[in-house]
Amino acid sequence: MSERIALCMPNGAISAVLERDNMLPIAEVDDMRAIECPEGITPTDYRYDFASQSFIPIPERPNAYAYFDYSAGEWITNEEYAASDVRARRDALLEETDWTQLPDVPDATKSKWQAYREGLRDVTKQPGFPLEINWPEKP
């Protein structure tokens, strides 16, 4: 007969969910605890609350720059990392279009790309920066 076991850290993070045979003991390592686990529980979708002795769903991740703080039980957004990532993307897009401003490029082409490049430089001034960016359209 097998059972499902969740290896839970003291903060409630589930390190792993294992199927095991009842005949084989699981040694608890460091501060992890082996908790009986129902079907459907996964380490990325649930955390364990020791006070209520229950598995609690983790809410959907709000954005790509958020990490789950198990002690607080909530998502924390790293806006500094988000801003750095947006600036790196903006810089790469500007670099891709540097050719449009060279002296041998026709004025009509230069002017079409100038507004786009200005829009890229201004992404940090947008009200939703760094989490909500309206990227300018290439001409």
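Which residue lies over the face of Trp-135? It is Arg-89, at 4.3 Å from the ring centre. Keep in mind that this is a predicted model. Today I'll talk about its aromatic rings.

Start with the count. A search of the whole structure finds 7 aromatic pairs. Take Phe-68 and Trp-75. Their ring centres are 5.3 Å apart, and their planes meet at 75°. Over 60 degrees counts as edge-to-face, so that is what we call this pair.

Now, are these two residues buried or exposed? Buried means under 20% relative accessible area. Phe-68 has 11%, so Phe-68 is buried. Trp-75 has 23%, so Trp-75 counts as partly exposed.

Next, Trp-113 and Tyr-116. Here the ring centres lie 5.6 Å apart. The planes stand at 85°, so this pair is edge-to-face too. Where are the two residues? Both sit in helix α2, which covers residues 107–121. They are 3 residues apart, and that is about one turn of the helix. What about their accessibility? Trp-113 has a relative accessible area of 12%, so Trp-113 is buried. Tyr-116 is at 5%, so Tyr-116 is buried as well.

A quick word on how we describe such pairs. We give two things: the distance of the ring centres and the angle of the planes.

Last stop: a cluster. Which residues do ring pairs link there? They are Tyr-48, Phe-50 and Phe-55.

To recap, find Phe-68 with Trp-75 in the structure above, an edge-to-face pair. Then find Trp-113 with Tyr-116 in helix α2. Finish with Arg-89, over the face of Trp-135.

Note on methods
Residues are numbered from 1 along each chain as its sequence is written. This is a predicted model: local features need pLDDT of at least 70, side-chain atom pairs count only at pLDDT 80 or more; totals for chains, interfaces and linings use all residues. Side-chain values use heavy atoms; hydrogens and water are left out. Rings of Phe, Tyr and Trp (its six-membered ring) pair if their centres lie within 6.5 Å; planes under 30 degrees apart count as stacked, over 60 as edge-to-face and the rest as tilted. Buried means under 20% relative accessible area, exposed over 50%, partly exposed in between (1.4 Å probe, protein chains only). Helices (H or I, at least four residues) and strands (E, at least two) are DSSP runs, numbered from the N terminus. A charge sits over a ring if NZ of Lys or CZ of Arg is within 6 Å of the ring centre and within 35 degrees of the ring normal.
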